[in-house]
Amino acid sequence: TPETGSSPEPVEEFDPVLMVSEITENVILPQYAAAASATEAFASDTGTLSSYCDAIGTSGETSAFGLVQDDWRATMSTIQAIEMHAIGPVAENENALRNQILSYSAGKLSTCGIDISAILNEAGNFDVTARSLNQRGFGAIGYALFNSDLTHSCASQVPETQGWNERSEDERRIARCNLARAIAVDVAGATAEVNDDWQTFGATFSAEDNIGDSLQLLTDGIFALDKLVKDLKLGVPLGINASCSAVACPEIVESIFSANSFANIRDNLVAFRNLFTGAEGSGFDDYIREEDLLLLYLQFLQQKPVLKLSSSRYKL
């Protein structure tokens, strides 16, 4: 208790500039750095992917496949984190780099296109960057690695895949695995570029003069939880979203071949929490408390006849 007559402690006002700076330094930049490091290691000539490709048809294939599976899941986890703030350099040119890293938000994979790419890659002059985005990205690697059905997914009249199904299982696994190598290098290049760009862009992003635009970008980014996770990853496969015209569309789940879709969503939620709270720094939860925005929102809801909420039940 302060002594009588002493001045009260000054109340610190919430600083949105500090919030953006801390979210940038504590959440966004480390997540891009982690994704760049993980994808680089995955694409490395000495990484688990290359080791598995080299082990196909040998006694070490099973153990090598287990290692690359674990590594793919761990690397995908770092990519799912950056999906929750697809803003700034990664979103430029209509999300070009984002879709190069992971194309799920732009549409379903072309499994036939990936099968064709696996065959074309054997010619030696294959350019993965010339293929459409729905045949690239880390999701395409998931198909090439995890799909146990080695039969191609193209129509019977597609010329490139003629004779594919008659090849040995090892030959087909090696072809798909070598394509995964080429795509992995492409993904690693994109994450490295985004990471480098954000190291420069981060200072501009958290500058006081740009705070209005940066706050808008951050709020736009966190809506990925609604548009990407709720509507696309859950709503479409469950048949809740109108994009699914059937009772359900389970074939639209993000990582159907690796059975990693739930893990992806969990990683999205953890990343959203860190982005929203600022991890160890100030975040939007602090901003909401400061501005009493939650109370105002609950009061708005209470005015609607279909919803009766007690604000005492909802506390951050």
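Student: Before we get to the lining, what counts as a cavity here?
Tutor: A cavity is a set of grid points where a 1.4 Å probe fits but cannot get out, and its lining residues have an atom within 4 Å of a point. This is a predicted model.

Student: OK. Which residues line the largest cavity?
Tutor: The lining consists of Ile79, Ile82, Glu83, Ala86, Val90, Arg98, Ile101 and Leu102. Two elements, H3 and helix H4 (92-101), each give two or more residues to that lining.

Student: What volume does the largest cavity have?
Tutor: About 40 Å³. The count of cavities of 30 Å³ or more is one.

Student: And how does the cavity lining split by class?
Tutor: Six residues are nonpolar, two are charged, and none is polar.

Student: How many residues line the second largest pocket?
Tutor: There are 25, with Tyr104, Lys108, Leu109, Val253 and Glu254 nearest the centre. The volume of this second largest pocket is about 360 Å³.

Student: Which element gives the most to the lining of the second largest pocket?
Tutor: H6, with four residues. The elements giving two or more residues there are helix H3 (61-82) and helix H6 (137-146). H3 also gives two or more residues to the lining of the largest cavity.

Student: And the classes for that second largest pocket?
Tutor: The lining divides into 13 nonpolar, eight polar and four charged residues.

Student: New topic, H7. How far apart are its end C-alpha atoms?
Tutor: They are 50 Å apart. Helix H7 covers residues 169-205, so at 1.5 Å a residue its 37 residues should span 54 Å, and the two values agree.

Student: Where is the kink in H7 centred?
Tutor: On Gln199, with a kink of about 35°.

Student: Last thing, confidence. What is the mean pLDDT of the protein?
Tutor: The mean is 88, and 87% of the residues reach 70 or more.

Student: Over which residues does pLDDT stay under 50?
Tutor: Residues 304-316. For that stretch the model has 17 contacts beyond four places in sequence.

Terms used. Residues numbered from 1 in each chain as written. Predicted model: local features only at pLDDT ≥ 70, side-chain atom pairs only at ≥ 80, totals over all residues. Heavy atoms only, no water. 1 Å grid on protein atoms, 1.4 Å probe; cavity = no way out; pocket = protein on both sides within 12 Å on 5 of 7 lines; lining within 4 Å. Points joined across faces, edges and corners; volume = space filled by probe spheres on them. Nonpolar A, V, L, I, M, F, W, Y, C, P; charged D, E, K, R; others polar. pLDDT = per-residue confidence, 0-100. Contact = heavy atoms within 4.5 Å. Expected span 1.5 Å × (residues − 1). Bend = angle between axes of the 7 residues up to and from the residue.
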